[in-house]
Amino acid sequence: MQIPYDSPWVQVFGRLHIVVLHFPIALVAVAALLVLWSMIRRQNEDAPRQFSPGLWLVGIAAVSAALAAVTGWVFAGAEYADTKGSLGLHRWLGVASAVLVVAAYVAGITASKVSSTRASRLYIAIVLLAAPLVGFTGHVGGGLVHGKDFVFQPLLQAQRVEEPAKQQPPTQPLDQLGFEEEADVIPEPPLLTGPSVEIEEPAEPIPAMTVLFEDDVMPILQDSCVSCHREGKSRGRVRLDDLEHVLQTVERGKPDESLLVYPIELPESDPDSMPLDRPSLPDEQIAIIRAWVASLEAE
Ligand code: HEC
């Protein structure tokens, strides 16, 4: 079936995922707690047998999980170019979660209708399985939005500051980019030191050694762009998380014609200005990106 992703109605439907997804996560967790609680109670006292503890919660969870899976599927298709990787995992975990929660509900209904101990055990088993699965699905989904390790990032960063950078990232082979080898040797490219950088007319490729992708360009993209332009979250169908994808956004040697350069030079008030909804890049950084694009030799 072909989903009309371009329709605004379809896009709004997909975005409902952000609202709906919270229901199954909370409801299944609470249902699992109720199941555990009823198991404990039955061991201690002679509590009356409950065949499907928390069934009504699981009922709402089943509907919302199915809705979360369908809206999520559409959301991913409409807004993300790359539905492999973590996003693909999240998609299929979502489908599996929805199937499991619906199955739990069916087992639970059966158990309480016909007072079947077997169906009740099945219900309990599925609920206890579904809770961690739904939780994990949500965890992977959260990683897509906020980046992996989002929750613990402040701790990880604090740790990194304490033990200062031991490993310098390996420099990328530069020959393919048209840089000279000696580029590595120069510790501080002159372009980075001066406050005013004049490169308005990149008619000719700027001589080799000016700007290095890994050392100069990538850190800027990493800080300001990659949160929205990476595998699994390629907003505007643009990825800026590695050289291969960045090269797809440039016209070698022609910054003025490069998709990468255009939106970073727009005034901040322009709705197309990048980074989106954030202050524009400092002039030096824009100059570095420009200079890098200008330095690329045409293929
Ligand atoms: C907060 C999220 C966010 C950040 C940060 C961000 N972008 Fe974007 N970017 C978007 C979105 C969303 C779109 C799609 C806009 C659209 O289609 O209207 C987009 C689109 C683009 C496009 C394609 C424009 C086009 O006309 O097709 C480029 C190029 C781009 N961004 C570059 C960058 C660069 C470079 C940075 C960092 C300096 C950056 N973005 C930072 C969200 C972001």
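**Helix packing, cores and ligand**

Analyst: Start with α3 and α6: their axes come within 9 Å and cross at roughly 145°. Keep in mind that this is a predicted model.

User: Which hand does the crossing of α3 and α6 have, left or right?
Analyst: It is left-handed.

User: Which residues meet there, α3 against α6?
Analyst: From α3, P24, I25, V28, A29, A31, A32 and V35. They meet I124, V127, L128, A130, A131, V134, G135 and G138 in α6.

User: And by class, what is in that contact of α3 with α6?
Analyst: The contact has 13 nonpolar residues, 2 polar ones and no charged ones.

User: What does V28 touch?
Analyst: Leaving out residues up to four places away in sequence, V28 touches A61, V101, A130, A131 and V134.

User: OK, cores. How many residues are in the largest nonpolar core?
Analyst: It has 32 residues. V28, V58, V101, A104 and V127 have the most contacts inside it.

User: Which helices supply at least two residues each?
Analyst: α3 (22-44), α4 (55-79), α5 (85-114) and α6 (117-146) each do for this core.

User: What other core lies apart from it?
Analyst: One of 22 residues, with V211, V261, M274 and L296 among them.

User: Switching to the ligand. Which residues come nearest?
Analyst: C225, C228, G236, M274 and P275, out of 20 residues around the ligand. M274 also belongs to that core of 22 residues.

User: How does the shell around the ligand divide?
Analyst: Into 12 nonpolar, 5 polar and 3 charged residues.

Note on methods
Residues numbered from 1 in each chain as written. Predicted model: local features only at pLDDT ≥ 70, side-chain atom pairs only at ≥ 80, totals over all residues. Near = placed C-beta within 6 Å. Nonpolar A, V, L, I, M, F, W, Y, C, P; charged D, E, K, R; others polar. Core = buried A, V, L, I, M, F, W, Y, C linked by C-beta atoms within 7 Å. Buried ≥ 20, exposed ≤ 12 C-beta atoms within 10 Å, placed from the backbone. Helix = DSSP H or I, 4+ residues; strand = E, 2+ residues; numbered from the N terminus. Contact = placed C-beta atoms within 7 Å. Axes fitted to C-alpha atoms, helices over the stretch in contact; angles between N-to-C directions. Left-handed = near helix turned anticlockwise from the far one by under 90°.
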